[in-house]
Amino acid sequence: MSTEKKRNSFSGSIGFVLAAAGSAVGLGNIWRFPYLAAKDGGGLFLVVYLVLALTFGFTLLTSEIAIGRKTKQSPLTAYSKLKSGWGFLGVLACIVPMIIMPYYCVIGGWVIKYLVAFVTGEGGIAAEDGYFTGFITANVEPIVMTVIFLAVVAFIVLRGVNKGIESFSKVLMPILVLLVFGIAVFSMTISHTDASGVTRSGLDGFKIYVIPNFEGLTVKGFFSVVMDAMGQLFYSLSVAMGIMIAYGSYVKDDANLVKSINQIEIFDTAVAFLAGAMIIPAVYTFMGTEGMAASGPSLMFVSLPKIFAAMGGVGRFVGILFFAMVLFAALTSAVSIMEAVVASFMDKFRLSRLKASLITIVIALVGGLAVCFGYNIWYFEYTLPNGAVAQILDIMDYISNNVMMPVVAIGTCILIGWVLKPKTVIEEVEKSGCKFGRKQLYIVMVRFVTPVLLLILLLKSLGIVTVI
Ligand code: PHE
């Protein structure tokens, strides 16, 4: 029997859309999107992001899902099946999730730690200065938390495409949307008077978030907003790391890809928008405009616990809901990262799901240990080409996101746009009889605009282009 016949598939388009949205909605939506929106002129960033999502993001997402469904292969083998000699791109696309998986599990472990702290009533202690650093530099606890997170991810992946990925996404994603929506509404109702007697409200914070701020905007500044939005979008849609190829390979041939892709994009963008509506008003109310400069781990694990503590009794409850929501977002993303690797090993080496998963777990564990040690016994400070001071986690993040992902995406555009021609993807999309509405746009985007924008992004990450 051929592997094609045995291949699992999502039971229907809702299962696929929720699994793919589960991958797309992750830490990036929650800790990076709001920060970039606040930094880049609020509504201006939102508009730029939306336009790019409908053009640039749509092109990459469509290409990868179509490649997956057409080849019925995961990234490691899909590219060589599409065109002999292009297998190297599959290898690169498969190495990206291998690098991301370990540190994503470590961060997932941090989220579990904070959720537990809020559940057990220690949220106040978690808000104290030095708590976060104390925790991540500890010898044992971060490792234990990483292992717990990894165990849950592995459990879901081991159950397979239907009983694992699909069924968990169908439960976790709707709950996530309810939570993020509920907290966002709550965020807009709060107000706070600080020590100097200034009262700020969540509603004012929301206005700062959505109303475009053109003050002092230059052409150079605008390009930097475009670059920020593009880098974010790219990461947020989980493209260029084989995930959407793997998930696309589980989509049935009669499914309407156009509709599903639209829904995934809308889902991801809506959750990112809601995350901003949840975080920016809260940060503004309790910390003012200066507080909005925090991003990444320091936003989530330092600023927000302080805000929950300042909310009083209700803060503990909000904290629990918030970290539960972040945990769901991180889990479904980590599941997709692991699946891209597991599916690749299964396809390439004809391994069972169990064997492929065990190998992947070992990679995640070894890498995860290294990331944890990066904060204590292996601590060092390294300055990246983009100027950031980095430890092991940041270096892995930089190599995968800033260097390898743009390379994989540029390679994919060249392969589809020039070597095989866009009809490869267009025929696949139209196979089920659905109308490919943005076909002309797709052709122009995949051949010209997307690779050029990606190249600029790559050169900027490498520190070669510094003007924007
Ligand atoms: N797309 C996810 C986010 O926005 C991140 C992610 C990265 C998911 C890598 C899977 C793999 O946070």
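Guide: This is a predicted model. Rolling a probe the size of a water molecule over the atoms shows where empty space is left. Here, the largest cavity is the space taken by the ligand.

Visitor: How many cavities of 30 Å³ or more does a search of the whole structure find?

Guide: The search finds six. The largest cavity has a volume of about 120 Å³. It is lined by 16 residues, and Ser23, Tyr104, Tyr235, Ser238 and Ser333 are the closest to its centre. Helices α2, α3, α6, α12 and α16 each give two or more residues to this lining.

Visitor: Which residues that surround the ligand are the closest?

Guide: Ala24, Leu27, Gly28, Asn29 and Tyr235 are the closest of the 16. By class, the shell holds eight nonpolar and eight polar residues, with no charged ones.

Visitor: Which polar atoms face the ligand?

Guide: In the side chain of Asn29, an N or O atom is 2.8 Å from a ligand oxygen. Polar backbone atoms also take part: one of Tyr235 is 3.0 Å from a ligand nitrogen, and a backbone N or O atom of Ser236 lies 3.0 Å from a nitrogen of the ligand. The ligand exposes 320 Å² when taken alone, and the protein buries 100% of that.

Visitor: What lines the second largest cavity?

Guide: Its lining includes Ile183, Phe186, Ser187, Met278 and Phe322. Two or more residues come from each of α10 (160–189), α14 (257–291), α15 (296–310) and α16. The lining divides into ten nonpolar residues, one polar and no charged, and the space amounts to about 70 Å³.

Terms used
Residues numbered from 1 in each chain as written. Predicted model: local features only at pLDDT ≥ 70, side-chain atom pairs only at ≥ 80, totals over all residues. Heavy atoms only, no water. Near = heavy atom within 4 Å. Polar contact = N/O pair within 3.5 Å; in protein donor to acceptor, adjacent residues only side chain to side chain. Areas by Shrake-Rupley, 256 points an atom, 1.4 Å probe, with all protein chains shown as cover. 1 Å grid on protein atoms, 1.4 Å probe; cavity = no way out; pocket = protein on both sides within 12 Å on 5 of 7 lines; lining within 4 Å. Sits in = over half its atoms within 2 Å of the grid points. Nonpolar A, V, L, I, M, F, W, Y, C, P; charged D, E, K, R; others polar. Points joined across faces, edges and corners; volume = space filled by probe spheres on them. Helix = DSSP H or I, 4+ residues; strand = E, 2+ residues; numbered from the N terminus.
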